[in-house]
Amino acid sequence: MTHSESRLPGRPDERAASRRQSPEPGGCADPLVGLLLVVAEVALGALLALWLGLRGLARSRGAAEGKVSAPPPADPGTDWTPIVALVVLTLLVACVAVGLLRSGWYWSGGMQVVVAVALGVTVLASAVQGSGREAPEPAPTWNSPPCRSGGGNAECARSGG
């Protein structure tokens, strides 16, 4: 075996040397891209908050003016739309974080992980707060008006007054 045959391409020492020569996937742009993504997510979150606020305003105005197409339910419960919107945003950020980390963009991916964890905590807090609300007490209903005749007749005895 000659010396030239011992240095086949693909040997570990040559692969390591080629890795050292190639630049890092993110390089200097990695933190900048991470910061840009965080700013874009803040803007997306602000648009989401604006949409949810306008949606709530339109719902309350429509109910006050009587423009609701169907009668409102007796117990409206919790409006889960804001929580679902936050879950979708959180999943989007988490998927971007996984993609960046797998590509070698560690700063950007790390920033996305921090944002995804913060959004996840916000979602959990909102869900716990929303599900912990109790339904409002129903207004009392009267079968008959109170008795005004002094309570001496049979009508007053039946009405409980």
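Reader: Is Leu37 buried, partly exposed or exposed, and what is its relative accessible area?

Author: This is a predicted model, and a relative accessible area can be read from it for each residue. Leu37 has a relative accessible area of 26%, so it is partly exposed, since buried would require a value under 20%. Leu37 is found in helix H3. Apart from neighbours within four places in sequence, Leu37 is in contact with Val96, Leu100 and Gln112. Leu37 also lies 8.7 Å from Met111, C-alpha to C-alpha, although 74 residues separate Leu37 and Met111 in sequence.

Reader: Which residues does Gln112 touch, leaving out those up to four places away in sequence?

Author: Gln112 touches Gly34, Leu37, Val38, Glu41, Val93, Val96, Ala97 and Leu100. Gln112 itself lies in helix H5. Its relative accessibility is 0%, and therefore Gln112 counts as buried.

Reader: What span does helix H4 reach, and what span is expected for it?

Author: A helix can be checked by comparing its span with an expected one. H4 covers residues 81-103, 23 residues in total, and extends 33 Å from its first C-alpha to its last, close to the expected 33 Å. After H4 comes Gly104, which has a positive phi near 95°.

Reader: Which residues of H4 are buried?

Author: The buried residues in H4 are Ile83, Ala85, Leu86, Leu89, Thr90, Val93, Ala97 and Leu100. In the protein, buried residues account for 16% of the 161 residues.

Reader: Which residues make up the largest nonpolar core?

Author: The general idea comes first. In soluble globular proteins, nonpolar side chains tend to be buried together. Here, the largest nonpolar core has 11 residues: Leu48, Leu52, Ile83, Ala85, Leu86, Leu89, Val93, Val115, Ala116, Leu119 and Val123. Helix H3 (29-65), H4 and helix H5 (106-131) each contribute at least two residues to this core. H4 gives the most, with five residues. One of the core residues, Val93, is in contact with Glu41, Gln112, Val115, Ala116 and Leu119, if neighbours within four places in sequence are set aside.

Reader: What is the relative accessibility of Ala49, and how does Ala49 count?

Author: Ala49 is placed in helix H3. Its relative accessibility is 49%, so Ala49 counts as partly exposed, because exposed would require a value over 50%. Ala49 and Pro82 are 8.5 Å apart in space, C-alpha to C-alpha, and 33 residues apart in sequence.

Reader: How many disulfides does a search of the whole structure find?

Author: A disulfide is a covalent bond between the sulfur atoms of two cysteines. A search of the whole structure finds zero disulfides. Two cysteines may still be read for accessibility. Cys28 is exposed, with a relative accessible area of 78%, and Cys95 counts as exposed at 57% relative accessibility.

Reader: What does the accessible surface of the protein come to, and what share belongs to carbon and sulfur atoms?

Author: The accessible surface comes to about 12,400 Å², and carbon and sulfur atoms account for 66% of that area.

Methods:
Residues numbered from 1 in each chain as written. Predicted model: local features only at pLDDT ≥ 70, side-chain atom pairs only at ≥ 80, totals over all residues. Heavy atoms only, no water. Helix = DSSP H or I, 4+ residues; strand = E, 2+ residues; numbered from the N terminus. Expected span 1.5 Å × (residues − 1). Buried < 20%, exposed > 50% of the residue type's maximum accessible area, 1.4 Å probe, protein only. Core = buried A, V, L, I, M, F, W, Y, C linked by side-chain atoms within 4.5 Å. Contact = heavy atoms within 4.5 Å. Disulfide = S-S within 2.5 Å. Areas by Shrake-Rupley, 256 points an atom, 1.4 Å probe, with all protein chains shown as cover.
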